[in-house]
Amino acid sequence: MKELRLVLILIALSATIFFWKHLGPQSNQGKLAPDFKAVLQNGSEFRLSDLKGNYVLLDFWGSWCPPCRRDNPNLVELYSKYNSRGFEIVSVAIEKNDKTWSKAIIKDGLVWPYHILKTSRLVATDPLALKYRVSDLPSKFLIDPQGQIVGAKLSKADIEAILDENLPSD
């Protein structure tokens, strides 16, 4: 009985490691970012490919997610510092309803125009999140001007280093 339990634990651990290594967000690095079409908060239609030519941070988040909300000031700083140099942020919120989402955008000062609401009870069931292999929030993808994913789950410092190296100075 103990041996069977140990074998099952090892199988579960191996499957988890395999998933994160081969199927998680980090495995998207170096690949072309999947294009998608969505409706923005202001009601206009949007395609990710509309932003080709810019560095784009694709941020999957939720107003109910404490780590996401704690990270929002970092995103505001990045946007303020790099937007004029060719950097955009696209926020994709996985939410149960739109009221808390709209309030969080205002409260956290998320001033960029690209806000997308995906109403879903679970991150893992949203089609857009599945395209990017997002399994938890927050999840971020930095996309280069050619549309390739240059990094996933990067820190603010990592993003700044890439942008400082690749974007023209003001």
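Helices (H or I, at least four residues) and strands (E, at least two) are DSSP runs, numbered from the N terminus. With that convention, colour the chain by secondary structure and follow the pattern α-β-β-β-α-β-α-β-α-β-β-α along the sequence, which comes to five helices and seven strands. This is a predicted model, in which local features need pLDDT of at least 70 and side-chain atom pairs count only at pLDDT 80 or more, while totals for chains, interfaces and linings use all residues. Residues are numbered from 1 along each chain as its sequence is written, and side-chain values use heavy atoms, with hydrogens and water left out.

**The whole chain**

Of the 170 residues of the chain, 41% count as buried, where buried means under 20% relative accessible area, exposed over 50%, and partly exposed in between, with a 1.4 Å probe and protein chains only. Taking a contact as heavy atoms within 4.5 Å, 72% of the contacts between residues at least 6 apart in sequence join residues at least 24 apart.

**The core**

Next select Phe36, Leu58, Phe60, Phe87, Val90 and Tyr132, the residues with the most contacts inside the largest nonpolar core, which has 46 residues. Such a core is a set of buried Ala, Val, Leu, Ile, Met, Phe, Trp, Tyr and Cys residues joined through side-chain atoms within 4.5 Å. Centre the view on Val90: apart from residues up to four places away in sequence, Val90 touches Phe36, Phe46, Leu51, Val56, Leu57, Leu58, Asp59, Tyr114 and Ile116.

**Helix 2**

Now move to helix 2 (residues 66–82), whose 17 residues should span 24 Å at 1.5 Å a residue, and whose end C-alpha atoms are 25 Å apart, which agrees; the expected span is 1.5 Å times one less than the number of residues. A kink of about 30° lies at Asn72, shortly before Pro73, the bend at a residue being the angle between axes fitted to the seven residues ending there and the seven starting there.

Which residues of helix 2 are buried? They are Cys68, Asp71, Asn72, Leu75, Leu78, Tyr79 and Tyr82, and what covers the buried residues of this helix includes strand 3, strand 4 (87–95), strand 6 and helix 5. Val76, also in helix 2, counts as partly exposed because its relative accessibility is 24%. Show its surroundings, leaving aside neighbours within four places in sequence, and Val76 is in contact with Asp108, Gly109, Leu110 and Trp112; the C-alpha atoms of Val76 and Trp112 are separated by 8.6 Å, although these residues are 36 apart along the chain.

**The disulfide**

Select Cys65 and Cys68, which form a disulfide with their sulfur atoms 2.4 Å apart; a disulfide is here a pair of cysteine sulfur atoms within 2.5 Å, and the structure holds one. The torsion about the S-S bond of Cys65 and Cys68 is about 75°, so the disulfide is right-handed. Both Cys65 and Cys68 are buried.

**Salt bridges**

The structure holds nine salt bridges, each a side-chain nitrogen of Lys or Arg within 4 Å of a carboxyl oxygen of Asp or Glu. Begin with Asp59 and Lys140, whose closest N and O atoms are 2.9 Å apart. This pair links distant parts of the chain, with Asp59 in strand 3 (residues 55–61) and Lys140 in strand 6 (residues 139–143), 81 residues apart. Asp59 is buried at a relative accessible area of 1%, and Lys140 is buried at 8%.

Then select Arg69 and Asp108, a salt bridge with closest N and O atoms 2.6 Å apart. Arg69 is in helix 2, whereas Asp108 is in the loop between helix 3 (98–107) and strand 5 (114–119). Arg69 counts as partly exposed, at 25% relative accessibility.

A further pair is Glu160 with Lys81, at 3.5 Å between the closest N and O atoms. Glu160 lies in helix 5 (residues 156–166) and Lys81 in helix 2, 79 residues apart.

**Backbone stops**

Finish in the loops. Most residues other than glycine have a negative phi, and most peptide bonds are trans. The peptide bond from Leu137 to Pro138 is cis, with omega near -5°, and Pro138 is found in the loop between helix 4 (127–131) and strand 6. Arg133, in the loop between helix 4 and strand 6, has a positive phi of about 60°. Lys153, in the loop between strand 7 (149–152) and helix 5, has a positive phi of about 55°.
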